Amino acid sequence: MQLSRQYEPMYLELAETLRDELATYLPGDYLPAEFQLAERFSVNRHTIRRAVDELVREGSVLRRQGKGTQVLERPLIYPMQADSAYSKSLSAQGIGVEAVLLVRRECLATQEDALHLGLAEHAPLIELQTLRKLDGQAVSLICHRYSARYSELLAEYQGGSVRQYLAERELPLSRAQSLIGARLPSRGEAGLLLMPRHIPVLTVLTVSCDRSGQPVELSRSVSRSDRFQYQVAFNAIADSHMAGNPTTD
């Protein structure tokens, strides 16, 4: 292989090459040893190490002491549409989905909560905090907030898809808007998601409405960016606009 591009450091060019080759590995496989890669590309081991460091920072590979550099799972894709449900969408891809209830508590609406839910500031709320696991691996933390008038309806929830739980009780929800961002995880979030703190998390604030268009749920999710990607289906959004249905913005 010829490494001839001179407009970027050699280690970044090597990192790009190795990144492209990750598609040929299965999760759990190990890259060749650094001395083997150094011989292959005719560079010193320091350059190879810096290239692999780039992949480690991205969360694509993990160094295991005494074993080598292991290829990690590639990010899962969640197709985000107005009526899509986290658990149902990912289960359809053959992925084992588990939602664990971590916290149930009463709280008061912040100014932002009140704005999104159409309530007065400091109105009583019921909050559920869930941990989502995909194929047994913690991937997302979700904080769901509802007006306290739904407390009785939510009293029996013990885990699993909240969206499905509500639909089974004649309260199907549709996503009205979602705001996607990114930041570094807090210490607590990193601990629950079993991830290093230098890798960003994806954040999504979502407002979901009932059939009449009234806001019911405000959720804030934090997901591992190395394990999770959101796919926004623009055609579905356009169709929903034409039909007058709530959509993801």
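Student: What lies over the face of Y165?
Tutor: R169 does, at 3.6 Å from the ring centre. A charge counts as over a ring if NZ of Lys or CZ of Arg is within 6 Å of the ring centre and within 35 degrees of the ring normal. This is a predicted model, where local features need pLDDT of at least 70, side-chain atom pairs count only at pLDDT 80 or more, and totals for chains, interfaces and linings use all residues. Residues are numbered from 1 along each chain as its sequence is written, and side-chain values use heavy atoms, with hydrogens and water left out.
Student: And what sits over Y11?
Tutor: R50 lies over that face, 3.8 Å from the ring centre of Y11.
Student: OK, how many aromatic pairs are there?
Tutor: One, where Phe, Tyr and Trp (six-membered ring) pair if their centres lie within 6.5 Å, with planes under 30 degrees apart stacked, over 60 edge-to-face and the rest tilted. Y157 and Y165 make an edge-to-face pair, 5.5 Å centre to centre with 80° between the planes.
Student: Is Y157 buried or exposed?
Tutor: Y157 is buried, at 0% relative accessible area; buried means under 20%, exposed over 50%, partly exposed in between (1.4 Å probe, protein chains only). Y165 is buried too, at 8%.
Student: Switching topic: which residues of α2 are buried?
Tutor: In helix α2, residues 34–41, they are E34, L37, A38 and F41. Helices (H or I, at least four residues) and strands (E, at least two) are DSSP runs, numbered from the N terminus.
Student: What do they pack against?
Tutor: The buried residues of α2 pack against α1 (10–21), α3 (45–58) and β1 (61–64), with contact meaning heavy atoms within 4.5 Å.
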